[in-house]
Amino acid sequence: MAQLSDDCFAFSGPLLPIADMERLIIERVTPVAEIEQVPLDGALGRVVALDIAAPEDLPPFDNSAVDGFAVRHADLATGADTRLIIAERVTAGHAAAHPLARGQAIRIFTGAPMPAGADTVFMQEDCRVEGDTVIVPPGLERGANSRSAGEDLRKGAIMLPAGRKLTAADLALAAAQGVTQLPVRRRLRVAVFSTGDEVVEPGACRPVAAIYDANRHLLRGLLQKFGALVTDLGILRDDPAALATAIAAAAGDHDLVITSGGVSTGDADHVRTAVERIGRLVFWRVAIKPGRPVAMGVVPGGPPGYGAAFAGLPGNPAAVYVTFVRVVWPLLLRLAGAAPRQLIALPVRATFAYRKRKGRREYVRAALRRAADGGVEAVKFPRDGAGVITSLTETDGLVELGEEATQIAPGAIVGFLSYAALTG
Ligand code: AMP
Ligand code: MG
């Protein structure tokens with residue numbers, strides 16, 4: 001059960017700016033507390049619970065970065081070749097038997113420990129072997145092609161900070177340190193519903209006025225990508241009592257309950273009423289397009305005074321996507337104990353003209369293409385509708401237009417967030 005206090009968001013404005021929403025989430029939501037140890041092979045995407053310090057230097061010993069000859073830099077002539085006696089041969093996984101004496105070189109391979117006395121390595125391509133001697137050219141800097149113990153990471157340095165959502169590279173770093181398991185926060189438990197009298201399950205008989213449920217599949221996929229444990233609770237009718245009962249029951253054993261549809265102002269939009277019956281709606285309407293009617297709340301469940309988070313997303317699939325990545329994802333990160341992500345929209349050139357209202361952030365579904373001059377262009381999907389699912393499948397990401405912007409002309413530089421970055 002997430003430790004969400006009853007007044008965790010308290011917001012009264014008509015349209016909540018995205019930056020305020022993100023700040024509220026950080027300030028008011030407490031992450032799940034339980035910590036478990038998991039083996040590295042089960043840790044991908046999990047959130048590190050405590051700062052992890054490097055148990056040793058990485059690399060653990062000085063070693064050669066190339067295949068070649070290890071030498072003492074002090075032996076080298078300035079401005080002329082130097083001939084050295086090849087004293088030994090050291091491959092990776094073996095140590096030199098003797099320290100390097102003056103006037104000697106040691107044949108060495110990548111990853112082999114630097115022999116005592118050696119400080120520099122010549123690449124084999126730069127050397128000439130004659131009998132049991134090697135001739136090396138002048139001009140190589142002291143320390144060249146040698147990797148020092150601890151140059152990657154010093155023993156005791158924080159290698160994985162608390163809040164890190166583990167990537168494959170993070171797991172490689174932990175493994176390189178000999179670590180076999182990591183303390184992580186428990187996985188989030190998230191329940192998902194669709195709502196709507198018109199929505200039916202794919203595979204079921206579809207009445208003439210019905211549509212198949214797309215949103216639950218979108219949400220399940222996104223939640224799986226996040227690494228949450230998802231409970232799919234099916235489709236709810238547009239009935240406030242049934243909605244209230246189902247959402248309240250789900251709140252009992254989930255950290256977050258997500259619905260789609262029914263949060264707007266239509267006569268059949270009962271999700272907000274249902275949440276207000278059983279818990280509290282803490283904000284409704286964010287300054288975002290598409291997806292403005294998105295709602296968040298707290299629904300009691302678990303210890304008294306605390307409850308599960310509730311997110312009511314709009315019904316149109318593209319609005320579900322946008323509100324999920326911009327509203328729900330930061331909430332999931334916070335609940336999971338993860339640090340906020342650094343989402344940097346990359347500059348691309350718009351090929352389209354666009355007008356928008358000041359005061360809200362808009363997301364334009366766009367495909368990328370390489371322009372003749374080598375630059376990257378964003379091509380807006382031709383149909384704007386938030387119900388158009390191909391606008392998600394046939395594009396690469398979202399052009400983000402800030403609150404202050406009112407119009408975009410073709411050729412303008414705009415910020416682009418790829419779908420991979422938004423759910424990475
Ligand atoms: P609503 O906000 O409930 O009025 O829904 C807005 C639009 O989204 C309507 O056209 C709905 O039919 C559609 N919609 C709602 N839920 C789903 C769903 N689960 N899958 C696909 N479309 C949906
Ligand atoms: Mg509906």
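Exposed means over 50% relative accessible area, and buried means under 20%. I kept those cut-offs at hand while looking through this predicted model.

**Entry: Lys 380 and Asp 384.** I started with this pair, whose side chains meet in a salt bridge at 2.7 Å, N to O. Lys 380 comes out at 18%, so it counts as buried.

**Entry: Asp 213 and Arg 216.** Here I found another salt bridge between side chains, with 2.6 Å from N to O. I checked burial again: Asp 213 is buried, and Arg 216 is buried too.

**Entry: Glu 34 and Arg 186.** The side chains of these two form a salt bridge at 3.2 Å, N to O. I then asked what the pair ties together. Glu 34 sits in the loop between β2 (29–30) and β3 (35–39), and Arg 186 in the loop between β14 (181–185) and β15 (189–195), so the bridge joins parts that lie 152 residues apart in sequence. On accessibility, Glu 34 is partly exposed at 40%, whereas Arg 186 is buried with a relative accessible area of 8%.

**Entry: a network.** Glu 22, Arg 326, Arg 361, Glu 400 and Glu 403 are joined in a network of them.

**Entry: the tally.** How many salt bridges does the structure hold? I noted 26. Among them are the pairs Lys 380 with Asp 384, Asp 213 with Arg 216, and Glu 34 with Arg 186.

Notes: Residues are numbered from 1 along each chain as its sequence is written. Chains are lettered from A and ligands numbered from 1 in the order in which they are written. This is a predicted model: local features need pLDDT of at least 70, side-chain atom pairs count only at pLDDT 80 or more; totals for chains, interfaces and linings use all residues. Side-chain values use heavy atoms; hydrogens and water are left out. A salt bridge is a side-chain nitrogen of Lys or Arg within 4 Å of a carboxyl oxygen of Asp or Glu. Helices (H or I, at least four residues) and strands (E, at least two) are DSSP runs, numbered from the N terminus. Buried means under 20% relative accessible area, exposed over 50%, partly exposed in between (1.4 Å probe, protein chains only).
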